[in-house]
Amino acid sequence: MKRKTKRRIGKFWGILFTIYGGVFGVGSLIAASLIQPLVSHIATSLQLQVPVPVWIWLTTFWFIVLMTLYSVSKVLFYIYLKSVVTPVINYFEPVNFGDPTKNTILKAIDGILNTEKVEPFYVHAAPSSKEVATVYFRVKEIGFAIVSGTPGEGKSMVAYHAACKFQDNDRYRVYALKVELLENKMGKEIIDEVLFQLDNLKGRRKLILVDDAHKLVIKQDLNTILQQEAKEGHGKYIWTETELYEEKQTEIQPDTCIRVDFQEFFGNLLKNFYQSQDFVFQEALKGRIGGLDDAINRVNKGKIHDVWWFAFCTSRREERLVQELDDLSDLKLLVLFFISAYTVLSGEAELHRNYVRSKITDLKFGWLIDDLKKSSVGDIITCLQNRKLIKIYDKSKIDKGYIASLHYNFARTTIQVSLSKQYLTKELLTSVRTLLMSEYRRCVYLGVFLRDIGTYATGFVRENKDWLTSFVNNLLVEWLKCYPSLLRGIKSTGEDTYDEIIENLDIHGIAKKVSSAEVGQFQQIAYLLNRIGDRRDEMIEELDLAQLSRTAGSAEVGQFDQLAQLLNTIGDRRDEMIEDKNFDLAKLVQKACTAEIEQFGQIEALSLALGDKRDMLTKELIKEPNSSKIAKKVSSAEVGQFDQLAHLLNAMGDRRDEMIEDKNFDLAKLVQKACTAEIEQFGQIANLLVALGGNRDKLIEKMDLKMLVKTSSDAKVEQFKNLAQLLRELGECRDGLIKELDFKNLAEAANVAEITEFEQIAHLLDVLGPRKSQLSTLLDYNTLVQKANQVGPYDIRGLTMFIAKLEEEDRSKYIREVDWSSVCLKCPINVHLLSPLGASLGNLWKQAESSSDRSSIGKVARHLRANANEIKQEVRKAHPKLYSGVAKFLWNCNQVDPVSAKQIATETMGKLAETFRIRPTEYQGTGRLINALYAIDPKLSASFVKDKKVRGRIQQSINEHDWSKEVEGLKHLIRALYCSVPELWKKMVSYKWLTGDLSSLDLDSIYRDVDEERNAGTAYNI
């Protein structure tokens, strides 16, 4: 029975029982105690005149009483149904998109240029991004979609566009959940009331928008419940959530989660809004986007990452804001700063004008007291609204006078600009200290505020360290997500104050509170443990594993990744938690067996986290009837779900073959669907082939390769990567398929590629192997070179990849013709772009050597020196997965400017050593980094490797990790270690520090190769 039906039945019978029970109970009591004695007395008196027994009189009396009570109950229930039962719908409101009239469009354009928070009617002016279609189809298929990201990325706009499409195309009624009425409420009663009102919304087809869900205390529970409602067909839902803290997300993103890609949307935004040919747009934008060229330039330099900042810059709002704040009196600026600070601290929580008035008047600055005699806070608030610096809104007809910043980013920018008035900074920051009260819920986003006040954060933290200690000690479990990032922010202001705060924390009390967290917060527990510094192990020991184990049993399949994250983080106590009597693994297994296909990735996450206990999960999954149920689901999977099947097979580990051999595992059905796949789905097929392992040939043998060839030959350039993924996994059939490809068609597609699509061509060239020349010889060299010279900052990776995958002769042509000095100067200084920057430096060096013109080398060398500090900062951020990129940069920087290369390496390797971690997949990158350091200065590489953490963790990884699938990577690492520190490496081997069996690697052969290369001067090849 559906949840909605159960709720209605429960409510109906509950009210029915209450009314009838109440009327009959009270009526019977009155009749029995007051009226029955009187009837008995009258009946006895009449017995002499009317010979009727008393019991007949009493029976008649009670019949009349019961019928009367029944009639009264029925009338009352009827009145209830007609009046009282009609609910007051105050948590939902209909969404009005308006009509696309000229006035509506002009109003929307004005709001966008003023960088206000988006409204539904903006759909008539704001262009639609590709994520709109993704959200629309996902909601249509499964009823639920989450759009997440940082402030200003355009999440709400995507939601409104998709909702409007449902209204226009599918006749849905669109409602919005009024988050502002629920943001500080919690408890089962609130959720029950939300569901009751949801049940009573008008319309059979309903779409609910939950915008700014990050404000809700009941977010986790409500999200889970609404997803269940969607699954049962009770409405469709679009959920938008802002990540105000930029904590790295490592959990499995659910199939319902979408992020807005600004880089892909940027071109559409320019064409259909800022450079629109529509007369209405041109008139509305005239004279208002003077900063467009500058904003485009900032995008190209990687300085703008979202639509809000772009709008802010195009309308010169930044310059205007500086001027507007300069024009404000000190009192007005103080009030605006206070409102902005509150917005940031609370995550846009409610703020009443009376609250502002009371806090400002409590401040005792001399000048402030004098100014308040001339102007009231209320008048100032009205003035700020009139100048479009804040908004005043009413929550309801009764609840009026609430203040909001125009946008969260606007509040943050206001804080930063205000603090440029140095003579006023003390008073501004003192006003914020009045917000640091024991009502900690109002300050959960303090970490964001610390980032915004910049250099003042160090003093602010030091002055308020006692309050900060108390704040963390009084941790609010429902806002657990805020504390890890706050601690990170505190640490960035100064190690001394951070250490003092950590030292004074009540670890026992915090651990007790954290142990009461819901499953949906387990990931945040893991983050907190990683931010608690030297007391991490102490806190792990203090965790109440019995309580956490009990809570873990309630985990839904969609929360398995959260549980997995906690298990992976608590280290040695993982087995203790799994073996705890409260850890109901059987219950989790039972839920895993009922998982939907979209949740198979969650099963894999839990399976891997269970470690040695993994078999307890897979053993149950493979048992009947579980195995048959899962196999049937697998067989019904669409091609777009093949990656989820791959997750399941990976989760099964050694039992994968048993699952595949189940009689209900219909491989033929999967093959049939694979053969009809679109090119966009080839990556899904590739993922499944990888997961099938030794069974992949069973799928490949039955695939119609002729159909695949036909489909593949029609690939557009944006589909090349998908095609390459599939070709890479076809094994022995790959060459036969490649041989039959229509290279002429593929070349025609490549020749019209935009520079943003060069990476796609690179992927295809890479997988073609010896036959890549059949494609490269058909490429329009002149056109592609021309496009290459128009490369933008974020296209450089694709360009360098494309050139690297060409044959040597073709590669040399491009290296000669492309303006590599310009490419190097354009490349953003970003840790993720160090590899393409390094490749560009290498190409620049080769170009200079072939032309004997070194003028460009000097130009780029000066650029590297000017940005050395920024480069060092980015290198220090690199984790082991990025070591290859760091190595490529350092290697080629050493050719262009050896002095800068040595300085950068010398001042960053200490930080990399401090944070060093390594897994088998990172062996090759680490080896390349060691070789790059050796090329710069052998002493540098030796110092890096001899660091206790580096050497110890390399040793630990080789001993404890399964590197059987990364043998070549391990050989590369060993070559680098032997080249850099031969005595230390041989000591590690001979003293049995390495306990693993390395006999299969033929170490003597590796030593000989390195010795020969060293003698030839090439031992440090990356």
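I took contact to mean heavy atoms within 4.5 Å. The model I examined is a predicted one.

**Entry 1: helix α40**

I began with helix α40, which spans residues 720-728. I asked which of its residues are buried. I found Phe720, Asn722, Leu723, Ala724, Leu726 and Leu727.

**Entry 2**

I traced an open sheet of six strands with mixed pairing. I read the strand order as β1-β3-β4-β5-β2-β6. The edge strands are β1 (92-94) and β6 (257-259), and each of them pairs on one side only.

Strand β3, residues 173-177, and strand β4, residues 206-210, pair in the parallel sense, and I recorded four bridges between them. For tyrosine 175 I noted isoleucine 208 as the bridge partner in β4.

**Entry 3: helices on the sheet**

I looked up two helices that lie across strands of the sheet. Helix α5 (residues 155-170) lies across β2 (144-149), β3, β4 and β5 (236-242). I recorded its direction as about 170 degrees to β5. Helix α6 (residues 188-199) lies across β1, β3, β4 and β5. I recorded the direction of α6 as about 30 degrees to β1.

**Entry 4: helices α51 and α53**

I then turned to the packing of helix α51 (residues 868-876) and helix α53 (residues 898-914). At what angle do they pack, and how far apart are their axes? The angle is about 30 degrees and the axes are 9 Å apart. I class α51 as roughly parallel to α53, because angles under 35 degrees count as such. I noted their crossing as right-handed.

I listed the residues that meet in this pair. From α51 they are Ala868, Ile871, Lys872, Val875 and Arg876. From α53 they are Gln903, Ile904, Glu907, Thr908, Met909, Lys911 and Leu912.

**Entry 5: cysteines**

How many does the count come to? The count comes to zero disulfides. I checked cysteine 675, which is in no disulfide: its nearest cysteine sulfur, that of cysteine 733, is 12 Å away. The cut-off for a disulfide is a pair of cysteine sulfur atoms within 2.5 Å. Is cysteine 675 buried or exposed? I recorded cysteine 675 as buried, because its relative accessibility is 10% and buried means under 20%. Cysteine 164 also has 10% relative accessibility and counts as buried.

Terms used
Residues numbered from 1 in each chain as written. Predicted model: local features only at pLDDT ≥ 70, side-chain atom pairs only at ≥ 80, totals over all residues. Heavy atoms only, no water. Buried < 20%, exposed > 50% of the residue type's maximum accessible area, 1.4 Å probe, protein only. Pairing = 2+ DSSP bridges. Axes fitted to C-alpha atoms, helices over the stretch in contact; angles between N-to-C directions. Parallel < 35°, antiparallel > 145°, perpendicular 65-115°, else oblique. Left-handed = near helix turned anticlockwise from the far one by under 90°.
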